[in-house]
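This briefing sets out what can be read from the coordinates of a predicted model, grouped by topic for close reading beside the structure.

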Amino acid sequence: MAKGDSAITVEGLTKRFGSVVALDGIDFGVTTGTVFGLLGPNGAGKTTAIRVLTTILTPDGGRAEVLGHDVVREAEAVRYRIGLAGQFAAVDPNLTGHENLRLVGRLAQMPRGSIRPRSEELLERFGLADAADRPVRTYSGGMRRRLDVAAALVQRPPVLFLDEPTTGLDLHSRNALWAMIRELVADGTTVLLTTQYLEEADRLAHRIAVVDVGRVIAEGTPSELKARLGHTVIEIGMSQEADALRAQAVLSGFASGSPDREGTTIRLASGDGPRFLMEVLRSLDAQGLAPATLGVREPSLDDVFLTLTGRHAEPVASPEKQAAPIRGAR
Amino acid sequence: MSQTAIAIPPPTERHGLRRLGGAVSDTIAMAGRNLITYRRVPQLLVFSTIQPVIFVLLFRYVFGGAVSSSLSVPYVDYLMPGIFVQLTVFGAIGTAIGLATDLKSGLLERFRSLPMARSGVLAGRTIADLARNVFVMALVSVVGFAVGFRVHTNALLFLAGIALVLMFAYALSWVFAFVGLAVGDPETAQAAAFPIIAPLVFASSAFVPVETMPGWLQAFADYQPVSVTASAVRALVLGGPTTSYVLQSLAWIAGIIILSAPIAVRRYRRAL
């Protein structure tokens, strides 16, 4: 597979569990040798998409291919070409780190002689060499997580699926994992990762699809998406709700979208943060309004969601929650 | 990982005979993995041995006196074949718990994304549990012989009886494989298994002759698989006509496997 071909093709995939629609005609494509990020809150359907692509679940409708092989009709061929690190550290607590990796190597049908050196190499690489012969139940959460990712790499899969790979990792392990993903991609591996963190998608992915209730609601390169969704978020905290209401009224005059208020906090987004911030502070000052707190930050998944859907990026747990007005409007 | 020098040849896809060989190899890998668990967590083995040992002592010394008057052989000789059968029934809970644990931990998800034989996980589990049964059975035999159990026929027929019990145990582990996958949680698996097990073990001829039970219960107790298998083992070990009971037991074993293995495999394909 040359770089530039499509490694993963997903067309109109649907999957429901009883009355819950997990995938509602999701579409996307991943170019070989790139990182594609599925970004969305809990319950958006990211994990279901990964499970269908890794042949664990059969979709109800639509089509998906991995390296040209249909995930339903040619599931076996797909399994020879993929690696998966799921949301939970799927390693056997009673086996040692080494035994876990060797088991995966065997079940991935690797040639016998190459399993042990590969396992040793990965344990070294993930900083687990010292713990290699200890049962995994003695590992810390971060160590288990690293072993889980290592297990996904044993057979050197050309396509790698990582479902929220950095959830539960400390900063150091997270950075190490990010570096490793970049190396794999430099070597030609295709990576599909899911994340709830815009920062992670931004730092790693060549393209991002924002997923909501089983559909892609926005797709593009990180810079395209950020240009669309506002670069900078400004959060102004007033000491009293009455002041916040007044400030909201003042600022609704010139913000690109109407400012979002939550209690005493007002949130605005802008593509030109510094200049916009000065304008905001001048207008507030002119009305005799002094912010109690001031925050300037890059947009989070929640901001992206608010812009795209008018809702906060909360898992949709119940119909009441789904129908509830956005928090900022209360 | 560009700096690595180790070249990994791509895995080869399997077809035809190699596929069958692959299924065997995957099953061995999975069985090996499950047996390591018994070595690393010896409590699992200890507890599956303690229960039958307590039953041997309890029934031999506490209840035995009350039952023995109606028997033509010493009670302990009547009891041990029943003990062998019941220990495999209780042991089968382990199959359910093991699979439920793997399901809950996400391990089954990983296995299903790997190009391994679909039968490997369940076959590996049931075979490892068969090995555990061999071990427990050997220990309990020693205890039985120590408290006075004697084979009236010969060693060969005794071993045939043990083999029959192991076959019965293997059939049962497929039923409990299904239970474990269906409930998907180790604690629930334990709770769900008990109502299946209790009537099979206690409304049977495993510990006491069924003649003293009420008629409606006798109808069940006479023909259910635990009784039939216990009677078959008794005939093999203590003498008497063996053919009918052994055939009935084999029919139960075949029937249970034919029914439960496809259901368990189907459940495995769907479970998540």
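**Domains, chains and selected elements**

In this predicted model, the C-alpha centres of domain 1 of chain A and domain 2 of chain A lie 35 Å apart. The domain assignment places residues 6–221 of chain A in domain 1 and residues 227–329 in domain 2. Chain B, for its part, has a secondary structure of ten helices and zero strands, and 29 of its residues are in contact with 37 residues of chain A.

**Contact between the domains of chain A**

- Where the two domains of chain A meet, domain 1 contributes twelve residues to the contact and domain 2 contributes eleven residues.
- On the side of domain 1 of chain A that touches domain 2, strand S9 (207–212) and strand S10 (215–220) of chain A each supply at least two residues.
- That side of domain 1 of chain A is made up of eight nonpolar residues, three polar residues and one charged residue.

- The elements that give two or more residues to the side of chain B touching chain A are helix H1 (16–40) and helix H4 (107–113) of chain B.
- Of the two, H1(B) is named as the source of the largest share of that side, with seven residues.
- By residue class, the side of chain B that touches chain A divides into 14 nonpolar, eight polar and seven charged residues.

**Overall build of chain B**

- Read along the sequence, chain B follows the pattern α-α-α-α-α-α-α-α-α-α, and its C-alpha trace spans about 80 × 35 × 35 Å along the principal axes.
- Chain B has 272 residues, of which 44% count as buried.

- H9(B) has 14 residues and reaches 19 Å from its first C-alpha to its last, which is close to the 20 Å expected at 1.5 Å a residue.
- Because 14 of the 14 residues of H9(B) are buried, this helix is largely enclosed by the rest of the structure.
- H9(B) is followed by B:Gly239, a residue whose phi is positive, near 95 degrees.
- Helix H10 (residues 243–270) of chain B has 28 residues and extends 41 Å from its first C-alpha to its last, close to the 40 Å expected at 1.5 Å a residue.
- The buried residues in H10(B) include B:Tyr245, B:Trp252, B:Ile253, B:Ala264, B:Arg267 and B:Tyr268, and the cover over the buried residues of this helix includes helix H5 (120–146), helix H6 (155–183) and helix H9 (225–238) of chain B.
- B:Ala163 lies in helix H6 of chain B, and B:Ala163 counts as exposed because it has 12 C-beta neighbours inside 10 Å, the cut-off for that class being 12 or fewer.
- From C-alpha to C-alpha, B:Ala163 and B:Tyr245 are 14 Å apart in space, although 82 residues apart in sequence.

**Strands of chain A**

- An open sheet of four strands in chain A has the order S12-S13-S11-S14, with antiparallel pairing.
- Strand S12 (260–262) and strand S14 (293–297) of chain A stand at the edges of this sheet, each with a single partner strand, so one side of each is left without a neighbour in the sheet.
- The twist in this sheet averages 20 degrees from one strand to the next.
- S12(A) is joined by three bridges to strand S13 (residues 265–270) of chain A, the two running antiparallel, and A:Arg261 stands opposite A:Ile266 in S13(A).
- In strand S6 (residues 82–85) of chain A, A:Ile82 and A:Leu84 point one way while A:Gly83 and A:Ala85 point the other way, and all are buried.
- S6(A) pairs in the parallel sense with strand S7 (residues 159–163) of chain A over four bridges, and A:Ala85 stands opposite A:Leu162 in S7(A).

**An exposed residue of chain A**

- A:Arg275 is placed in helix H10 (residues 273–286) of chain A, and A:Arg275 counts as exposed because it has 10 C-beta neighbours inside 10 Å.
- A:Arg275 and A:Ala176 are 99 residues apart in sequence and 36 Å apart in space, C-alpha to C-alpha.

How values were computed
Residues numbered from 1 in each chain as written. Chains lettered and ligands numbered in written order. Predicted model: local features only at pLDDT ≥ 70, side-chain atom pairs only at ≥ 80, totals over all residues. Buried ≥ 20, exposed ≤ 12 C-beta atoms within 10 Å, placed from the backbone. Domains from an automatic or database assignment. Contact = placed C-beta atoms within 7 Å. Nonpolar A, V, L, I, M, F, W, Y, C, P; charged D, E, K, R; others polar. Pairing = 2+ DSSP bridges. Axes fitted to C-alpha atoms, helices over the stretch in contact; angles between N-to-C directions. Expected span 1.5 Å × (residues − 1).
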